[in-house]
Amino acid sequence: MEGAELELERRSRFLNSLIEKKKVKEQKNQYDKLNVRVRASDMPIPLQTRAFRCSRDLLDSMLPGKLDSKRIALALKKEFDSAYGPAWHCIVGTSFGSYVTHSVGGFLYFSIDKVYILLFKTAVEPLDH
């Protein structure tokens with residue numbers, strides 16, 4: 001019976017690897033449609049997807065050639081603060097440098113069109129009075 005269990009485990013791992021490959025391919029196709037390039041990430045895929053869609057919608061709502069970096073940064077920050085709790089931070093622009101500390105699972109640096117977006121979460125600790 002042990003041989004059968006090993007074979008089932010092997011097949012299960014194989015099927016899981018095929019499923020993962022398909023998910024990665026679908027994700028890449030989705031990024032291509034939105035014209036997104038992930039530069040660095042420590043964020044779950046569903047949160048990344050939300051950031052990409054929100055950013056794409058904001059960019060599409062602006063007049064061509066009129067980038068409002070502050071508006072995009074504020075909208076993304078508010079979106080993530082309300083959906084995932086405080087304290088999210090967002091930097092948007094065509095050229096900037098940064099070095100930040102972030103909470104685990106709360107970092108995304110990506111470009112969409114020619115705009116670069118850094119979205120990250122930091123821990124919030126209550127003040128003792």
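The model is predicted: local features need pLDDT of at least 70, side-chain atom pairs count only at pLDDT 80 or more, and totals for chains, interfaces and linings use all residues. Residues are numbered from 1 along each chain as its sequence is written, and side-chain values use heavy atoms, with hydrogens and water left out. A search of the whole structure finds 7 salt bridges. A salt bridge here is a side-chain nitrogen of Lys or Arg within 4 Å of a carboxyl oxygen of Asp or Glu.

- Helices (H or I, at least four residues) and strands (E, at least two) are DSSP runs, numbered from the N terminus.
- Glu7 bridges to Arg11, with the closest N and O atoms 2.9 Å apart.
- Both Glu7 and Arg11 sit in helix H1 (residues 2-34), 4 residues apart, about one turn of the helix.
- Glu7, Arg10 and Arg11 join in a network of salt bridges.
- Glu7 is partly exposed, at 29% relative accessible area. The cut-offs are: buried under 20%, exposed over 50%, partly exposed in between (1.4 Å probe, protein chains only).
- Arg13 pairs with Glu9 at 3.3 Å between the closest N and O atoms.
- Arg13 and Glu9 also lie in helix H1, 4 residues apart, about one turn of the helix.
- Glu9 is partly exposed, with 41% relative accessibility.

**A link between distant parts of the chain**

- Asp113 and Arg56 form a salt bridge through their side chains (2.6 Å, N to O).
- This pair connects distant parts of the chain, 57 residues apart: Asp113 is in the loop between strand S3 (107-112) and strand S4 (115-121), and Arg56 is in helix H2 (residues 45-60).
- Asp113 is partly exposed at 37% relative accessibility, whereas Arg56 is buried at 13% relative accessible area.

**Ser55 in helix H2**

- Ser55 belongs to helix H2. Ser55 is buried, with a relative accessible area of 0%.
- Beyond its neighbours within four places in sequence, Ser55 contacts Leu76, Phe110, Ile112 and Ile117. Contact means heavy atoms within 4.5 Å.

**Strand pairing around S4**

- Two strands pair if DSSP finds at least two bridges between them.
- Strand S2 (residues 88-93) and S4 run antiparallel, joined by 6 bridges. Gly93 has Tyr116 in S4 as its bridge partner.
- S3 and S4 also pair in the antiparallel sense, over 6 bridges. Phe107 stands opposite Phe120 in S4.
- A hairpin is formed by S3 and S4, with 2 residues between them. In the turn, Asp113 has a positive phi of about 60°.
- S4 is mostly covered, with 6 of its 7 residues buried.
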